[in-house]
Each structure stands twice: as C-alpha cells, then as structure tokens.
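User: I would like to learn how to read this model feature by feature. Please give the general idea each time, then the case here.

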Amino acid sequence: MAQGIEFFKGSWQEALDQAKLENKQVFLDAYASWCGPCKNMAKNVFTQEQVGDFYNGQFINVKMDMEKGEGPRLSSELEVTAYPTYFYFDTNGVLVHRTMGQKPAEDFIKDGRNASNEKTQMVRLQRIYEDGNYD
C-alpha cells in the first residue's frame, strides 16, 4: 500500500478519461529530470502519508517530465515557465488552478484544497479580478 501520492500510469488522455470516470479532478506535477526542487518534492513531500491521503482521495495524480514524451506539447500549451509547476484540472480537463515551487507538505495540501474549492480556484479569481472586482 502506497504511503504517499499514487501517480497514474498511462497517457494524459487516459488520465483525463479516468478522472471523468471517477468524478475526480486531475493534478499534474510538471517537472524536469534535472530540477532540484522537483526531486525534493518527489522525495520528501509527495511521499508523506498526509499528502497521499488528501491527493489520492481528491485527484487523479499525474507526474510528467515536461521535456520527454507528451511533456513538450503540454508544456507549450500550459505555458510552463518554471519547475516544478502544479496544475489542477476539473473533471472535464479544464484548468482551474496553478501553483509552483518547492513547499512544505502543509502548503502543498493547502494548494490542493484551494484547487478543489470553486471559491478559491486561481482561474476563477483571476477572471473576477480581470472583470474589475478588486475586493
């Protein structure tokens, strides 16, 4: 039994299909093999039981090297500018939240909670701001 995050084995489209089937959001860890903070997150945060409990319950989790396989195409589409970057998609594969960087488990779980709550999703808040509501 895995203690931390269980990452989906399969293509990006298969992960999206599985999310729809299970009525879960998708979490994408966009990383590069040479990235030190990415390695630290993989070794010290993703493996924690509390992180796995939350992410495995809420998301279909995908880990993708953005320089190999499907990575370059997705990296271009998602406009990845730094590693690690974390993307959160709704059950229909629409981007709803985005964060980045190395962080402690508590902050990483908070990111996931924000992505799971429509009121705190980055994409929604950005739209509200762009519509002129600065409150």
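User: Where does lysine 103 sit in the chain?

Analyst: Lysine 103 lies in the loop between β4 (95–100) and α5 (105–116). This is a predicted model: local features need pLDDT of at least 70, side-chain atom pairs count only at pLDDT 80 or more, and totals for chains, interfaces and linings use all residues. Residues are numbered from 1 along each chain as its sequence is written, and side-chain values use heavy atoms, with hydrogens and water left out.

User: Is lysine 103 buried or exposed?

Analyst: Buried means under 20% relative accessible area, exposed over 50%, and partly exposed in between (1.4 Å probe, protein chains only). Lysine 103 has 15% relative accessibility, so it counts as buried.

User: Which polar contact joins the side chains of lysine 103 and another residue?

Analyst: A polar contact is a pair of N or O atoms within 3.5 Å; within protein, one must be able to donate a hydrogen and the other to accept it, and residues adjacent in sequence count only if both atoms are side-chain atoms. The side chains of lysine 103 and aspartate 111 make one at 2.6 Å. The lysine 103 side chain also reaches the backbone oxygen of methionine 100, at 3.4 Å.

User: What else is lysine 103 in contact with?

Analyst: Contact means heavy atoms within 4.5 Å. Setting aside neighbours within four places in sequence, lysine 103 is in contact with Met41, Val45, Tyr86, Phe108 and Asp111.

User: Met41 and Val45 are on that list. Which residues of α2 are buried?

Analyst: In α2 (36–45), Cys38, Met41 and Val45 are buried. They span an arc of only 85° around the axis, so they lie on the same side of α2. The arc is that of the directions from the helix axis to the C-beta atoms. The buried residues of α2 pack against β1, α3, β3 and α5.

User: How many disulfides does a search of the whole structure find?

Analyst: A disulfide is a pair of cysteine sulfur atoms within 2.5 Å. The search finds 1. Cysteine 35 and cysteine 38 form it, with sulfur atoms 2.4 Å apart. The link is right-handed, with 80° about the S-S bond. Cysteine 35 is buried at 2% relative accessible area, and cysteine 38 is buried at 4%.

User: Which strands pair with β1?

Analyst: Two strands pair if DSSP finds at least two bridges between them. β1 pairs with β2 (residues 59–65) in the parallel sense over 7 bridges. Here alanine 30 stands opposite methionine 64 in β2. β1 also pairs with β3 (residues 85–89), in the antiparallel sense over 5 bridges. There valine 26 stands opposite phenylalanine 89 in β3.

User: Why is β1 described as largely enclosed by the rest of the structure?

Analyst: Because 6 of the 7 residues of β1 are buried.

User: Which residues of α1 are buried, and what covers them?

Analyst: In α1 (residues 12–22), Trp12, Ala15, Leu16 and Ala19 are buried. Their arc around the axis is only 100°, so they are on the same side of α1. Their cover includes β1, β2, α4 (71–78) and β3. Asparagine 23 follows α1 and has a positive phi, near 55°.

User: Where is threonine 91, and what does it touch?

Analyst: Threonine 91 is in the loop between β3 and β4. Its relative accessible area is 23%, so it is partly exposed. Not counting residues up to four places away in sequence, threonine 91 touches Ala19, Lys20, Asn23, Lys24 and Gln25. Threonine 91 and leucine 21 are 70 residues apart in sequence, yet 8.7 Å apart in space, C-alpha to C-alpha.

Methods: Helices (H or I, at least four residues) and strands (E, at least two) are DSSP runs, numbered from the N terminus.
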